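Reader: I'd like to go through this model piece by piece. Could you take my questions one at a time?

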Amino acid sequence: MSDSPSTGRAGVPWPAAVYGGAGLIPFAALAVLVWVLPPGWANRALDLLLGYGAVILSFLGAAHWGLALAGAGGDRTEQSWQRLGWSVTPALVGWVSLALVPLAGLILQLAGFTAAFFADIRAVRLGIAPAWYPRLRRPLTVVVLICLGAAAVRIAAIG
């Protein structure tokens, strides 16, 4: 696929690629801080990481809400119930992750981001999300999972 002023090589619109990539900065910075800061500060970084993860999970669900409301892929009522139902699930997962002990919250978010990625792949296969979406989401999801996983390893190691 050739580059154009509005898309990169993978056909991902530049604004989505730039904003998506920038959204990784808090994940990476906070995961590093969980490892390098003294315990009290590391716990604060962990709280911020979990909070940011919950917010981004909500955002990923909201993308499906927007697609459903826009009628992408058709406007069947049963499809809308399923799609809108799924769209609120990541927000609920993120919210519950904040109520758990940190390690369990990280594990739940790891599962939530993984499930959101596969839901996005399914949405593309059903024709209700843009074809370029997995090419954006795959590397973003991998980095998020690495960051959350690294924080989980650190928390498990220090008890």
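Reader: Let's start with V36: is this residue buried or exposed?
Author: This is a predicted model, so keep that in mind throughout. V36 is found in helix α2. Residues count as exposed when their relative accessible area is over 50%. V36 has 56% relative accessibility, so this residue is exposed.

Reader: How far is V36 from R154, C-alpha to C-alpha?
Author: R154 lies in helix α6, while V36 is in helix α2. The two residues are 118 residues apart along the chain.

Reader: What separates the C-alpha atoms of R154 and W95?
Author: Along the chain, R154 and W95 are 59 residues apart. W95 is one of the residues of a nonpolar surface patch. The C-alpha separation of R154 and W95 is 22 Å.

Reader: OK, that patch. Which residues make it, and what is its area?
Author: The members are W65, L69, V88, L92, W95, V96 and L100. Together they make a nonpolar surface patch of about 690 Å².

Reader: Which element gives the largest share of the nonpolar patch?
Author: Two elements give two or more residues to the patch: α3 (39-70) and α4 (77-99). The largest share is four residues. That share comes from α4.

Reader: Now electrostatics. Which side chains meet in a salt bridge?
Author: Side chains of opposite charge can pair when their charged atoms come close. The structure holds one salt bridge. At 2.4 Å, N to O, the side chains that meet are those of D120 and R137.

Reader: How many residues apart are D120 and R137?
Author: D120 sits in helix α5 (residues 102-125) and R137 in helix α6. The pair therefore links distant parts of the chain, with a separation of 17 residues.

Reader: Are D120 and R137 buried or exposed?
Author: The cut-off for buried is under 20% relative accessible area. D120 has 2%, and R137 has 4%. On those values D120 is buried, and R137 likewise counts as buried.

Reader: On to the rings: how are F117 and F118 arranged?
Author: A pair of aromatic rings is described by the distance of the centres and the angle of the planes. A search of the whole structure finds four aromatic pairs. For F117 and F118, the centres are 5.4 Å apart and the planes are at 70 degrees, so the pair is edge-to-face.

Reader: What angle do the planes of W132 and Y133 make?
Author: W132 counts as partly exposed at 23% relative accessibility, whereas Y133 counts as buried at 10%. Their ring centres are 5.9 Å apart and the pair is edge-to-face. The angle between the planes is 85 degrees.

Reader: Which rings are linked into a cluster?
Author: One member, Y52, lies in helix α3 and is partly exposed, with a relative accessible area of 21%. Ring pairs do the linking. The cluster is F27, Y52 and F113.

Reader: Last one for me: what volume does the largest pocket have?
Author: Its lining has 20 residues, and those closest to the pocket centre are G20, F59, L60, L136 and L140. α1 (14-22), α2 (24-36), α3 and α6 (133-158) each supply at least two residues of that lining. The volume of the largest pocket is about 430 Å³.

Technical notes: Residues numbered from 1 in each chain as written. Predicted model: local features only at pLDDT ≥ 70, side-chain atom pairs only at ≥ 80, totals over all residues. Heavy atoms only, no water. Patch = residues over 30% accessible without salt bridge, like charges linked within 9 Å, V, L, I, M, F, W, Y side chains within 5 Å. Areas by Shrake-Rupley, 256 points an atom, 1.4 Å probe, with all protein chains shown as cover. Salt bridge = Lys/Arg side-chain N within 4 Å of Asp/Glu carboxyl O. Phe/Tyr/Trp six-rings, centres within 6.5 Å; stacked < 30°, edge-to-face > 60°. Buried < 20%, exposed > 50% of the residue type's maximum accessible area, 1.4 Å probe, protein only. 1 Å grid on protein atoms, 1.4 Å probe; cavity = no way out; pocket = protein on both sides within 12 Å on 5 of 7 lines; lining within 4 Å. Points joined across faces, edges and corners; volume = space filled by probe spheres on them.
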